[in-house]
Amino acid sequence: MIDKIIHLFFSKQLFLVLLTLCFVLPTFAQDTPQLKLGGALRFNYNLSSWKDGQKKRGGDFGYDMFRVNAEAAYKGIFLNAEYRLYSEGFGGGFLKQGWLGYKFNELDQIHVGLTQVPFGIQQYNSNNWFFNLTYYVGMEDDHDMGVKYIHSGEKFEYQLAFFKNAEELRFGNNTESSPNRYSYDIVGRNKEINQFNGKFIYKFGKDAAHRLGFSAEYGKLYNLDTEELGDHGALAAHYEVTKGKWNARAQFITASNDPANAEGESRDVVIMAAYGAPYEVAAHFNMYSLTISRNVPVEWGPISNLQFYNDFGYMQKKTKGFEDSYMNVTGVLVSAGNVYTYVDYAAGYNHSWLGGNFVDDFSSGNPDAKWEARFNINIGYYF
């Protein structure tokens, strides 16, 4: 295993990223530039209810991911990049995020590059290793190519952004977008282009910290066959409260995709992909999510905190005859120095990553589906 990790670390892709950083950093003024390098190495154990062979083996334990993070700053100009190396079956190596930023003052800044889309509860709408159902349809921790303006005031926060497209790794005239990416985007015969985002947060409360927000998204879908433009959009209302060791989050999303597909191709579904694996998603849906967590400080050798949580998501599909999807994860995050361990019991109904039929669970689904579950332990050293 160590030999494989070393081989991955010195892979061609990672070498190119680090080489690029070496040339970019000196372009900033050299008085007192700041540079911080970090990363993580993670391993994963899982036992799935729908895998008979795995159950007979008692589960599987193996390599999950190795990543490198780089942050640099000088005179208000800063860089943030994260490159990840997964196993070949999960897309291999790709850039999770990578952007340049500039601080106008302590409240206002701008990001340019592969940056997080300002939509919904952030940074994550979840506590567990799997994320919430929102992630699997491109509505949680999504990153696209564009420019974003951020204002962070004492009472109000807002973000405005324009994204020219999602991660573009193939630059042919009519080539489909690569499925090898971190966040879910529309792929196949459609491409996300010219997307506008706006997000507003109102912060209030004395005994507890409340964050009440609204998000909006609208963009175009370019079809490679018809060479015409469809569109996509989404609205979200979200609320988060933190009081002492407790945190709770609630969110509602309504989303619609209207691709300009060729005649005979369904417009009730779109193809989305990440980690090298595409699948169908209902074109029109509502989504509801609710999460709750509590921190419990402890002194058990190196273990300093236990965070218990439950994250729930429900996808209500608007197309007649489509079966809805559900996801619930109950677990605990164990913090011990630089080691963070997620112990999760993830259950799904018509969920592509939790049993069933991977291809259409998030679109038409299966009326005879049953709940499936996966017990998962993810161990990561972050440096």
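**Labels and their grounds**

Asn125 lies in the loop between β5 (108–116) and β6 (143–152); the model is predicted.

Q: Why is Asn125 called buried?
A: The relative accessibility of Asn125 is 0%. Buried means under 20%, so Asn125 counts as buried.

Q: What makes the pairing of Asn125 and Ser289 a polar contact?
A: The side chains of Asn125 and Ser289 are joined at 3.0 Å. The cut-off for such a pair of N or O atoms is within 3.5 Å, and the contact of 3.0 Å meets that limit.

Q: Which residues is Asn125 in contact with, leaving aside neighbours within four places in sequence?
A: They are Asn132, Thr134, Glu140, Arg249, Gln251, Ser289 and Thr291.

Q: Why is Ala70 called buried?
A: Ala70, in strand β2 (residues 60–74), has a relative accessible area of 3%. The limit for buried is under 20%, therefore Ala70 is buried. Ala70 and Leu35 are 35 residues apart in sequence and 7.3 Å apart in space, C-alpha to C-alpha.

Q: Why is Tyr239 called partly exposed?
A: Tyr239 is found in strand β11 (residues 229–243) and has a relative accessible area of 31%. Partly exposed lies between the buried limit, under 20%, and the exposed limit, over 50%, so Tyr239 is partly exposed.

Q: Which residues make the nonpolar surface patch?
A: Phe156, Tyr158, Leu160, Phe200, Tyr202, Leu212 and Tyr239 make a patch of about 620 Å². The elements giving two or more residues to the nonpolar patch are β7 (156–165) and β9 (190–204). β7 gives the most, with 3 residues.

Key
Residues numbered from 1 in each chain as written. Predicted model: local features only at pLDDT ≥ 70, side-chain atom pairs only at ≥ 80, totals over all residues. Heavy atoms only, no water. Patch = residues over 30% accessible without salt bridge, like charges linked within 9 Å, V, L, I, M, F, W, Y side chains within 5 Å. Areas by Shrake-Rupley, 256 points an atom, 1.4 Å probe, with all protein chains shown as cover. Salt bridge = Lys/Arg side-chain N within 4 Å of Asp/Glu carboxyl O. Helix = DSSP H or I, 4+ residues; strand = E, 2+ residues; numbered from the N terminus. Buried < 20%, exposed > 50% of the residue type's maximum accessible area, 1.4 Å probe, protein only. Polar contact = N/O pair within 3.5 Å; in protein donor to acceptor, adjacent residues only side chain to side chain. Contact = heavy atoms within 4.5 Å.
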